[in-house]
Amino acid sequence: MKLTKTIALSCLAFSMMAAQAAQADEPFINPDWANSAVYIGAGIGQSRASIDEQRIRASLTANGASVSSFSANEREAGYKLFIGKQLNQYFAVEAGYFDLGTFGFDARTSGNGMLGGEAGFRGVNVDLVGQLPLNQRLSLLARAGANYAKTSTHFSGNRLAAVTNPSASERKLNAKVGLGAEYKFSEALAGRAEIERYRLNDAIGNRGDVDLVSFSLVYKLGRPAARPVVASVIPEPVAAAPVVEPAPAVAAAPVAVSEKVTFAAEALFDFDKAIVKPEGKQALDELVSKLQGMQTEVMIAVGHTDAVGSDAYNQKLSLSRAEAVKAYIVSKGLTPSRVYTEGKGESQPIADNANSAGRAKNRRVSVEVVGTRTGTK
């Protein structure tokens, strides 16, 4: 049974990761969907219980037997399956099924006596999950909820007089809590490492905790189709002077123009994020309104960062921010194939990274537009 569980969960994990492998490094451009999506998940790990050896010894002694040896199995493989709904960026609700495994003990007594017992725990749970993003991919997790568990207890051996009921079961509603971390491989696929504590009853009057340390894979359903990514090949802007024939112009000739706007990163994004915030959308709306009447040929969005952090991380963040600007401008009607993106990371500072004022200037996104206007607006 344990082997079947492990194989099933491994197959689920492999299929989910294989489906996402080609998209794992792409920028996050669907925050509204990600913060309201339904998701499914599966986790496997090790559970641990505490067997009350002193109580068992006392029961055997009360029945005229002295314990000569005692061994216990307090660690087991456990697993869980769950479905959840993101309420927003910071909270989600989850419902799930769990199986914490079967724990047992073996006691040997005087007079060639023996008593063995085992208890299995499985049930369902509902949790509220809190998420604290540390950056675009990594978040801390905390959960609190309730579990409704069935406990099956069975005793065997020739010292059954020490127990009231050799085979008993119990169903109880109790609390559960947990802490952990989540890493997003992509907008749709994430991995979690967690420790959870289940409050449980063991069907013979004991009440205690079982802990589960697990790794889970989480997959969000219904991801919007990704927009095609255009290679970042930047043409050299050429301002061509209009040729005016020495004849009366019937209509104004198109004039080639180039406009460049630079936005401070803080005006468009929250710290260490690549999701355009409401104030940033207003700034980009102003840029789009200025382009009214222009026949846009090429638009180039270039992201820059300061020198804090690794080169690789800053390069990826700068490209993600440029892609986010592109995604928003395209949503306003610009043809995607005319918009190019590039991430420069920390390679092109315009101020000194040794102080906060200089670093703030270096965190920026520049947008250059090349096109034509009729007349000389």
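## Overall build

Helices (H or I, at least four residues) and strands (E, at least two) are DSSP runs, numbered from the N terminus. By this count the protein chain has seven helices and 13 strands. This is a predicted model: local features need pLDDT of at least 70, side-chain atom pairs count only at pLDDT 80 or more, and totals for chains, interfaces and linings use all residues. Residues are numbered from 1 along each chain as its sequence is written, and side-chain values use heavy atoms, with hydrogens and water left out.

## Burial and contacts

Of the 377 residues in the protein chain, 42% are buried. Buried means under 20% relative accessible area, exposed over 50%, partly exposed in between (1.4 Å probe, protein chains only).

The protein chain has an accessible surface of about 19400 Å² (Shrake-Rupley method, 1.4 Å probe; for residues, only the protein chains shown count as cover). Carbon and sulfur atoms hold 59% of that surface.

Contact means heavy atoms within 4.5 Å. Take the contacts between residues at least 6 apart in sequence: 73% join residues at least 24 apart.

## A nonpolar surface patch

Leu81, Tyr97, Val124, Tyr148 and Leu173 form a nonpolar patch on the surface. Together they have about 470 Å² of accessible area. Patch residues have over 30% relative accessible area and no salt bridge; nonpolar side chains (Val, Leu, Ile, Met, Phe, Trp, Tyr) are joined within 5 Å, like charges within 9 Å. A salt bridge is a side-chain nitrogen of Lys or Arg within 4 Å of a carboxyl oxygen of Asp or Glu.

Tyr97 lies in strand β4 (residues 91-109). Tyr97 is partly exposed, at 31% relative accessible area.

## Ala312

Ala312 belongs to helix α6 (residues 311-331). Ala312 is exposed, because its relative accessible area is 58%. Glu346 is 34 residues from Ala312 along the chain, and their C-alpha atoms are 9.7 Å apart.
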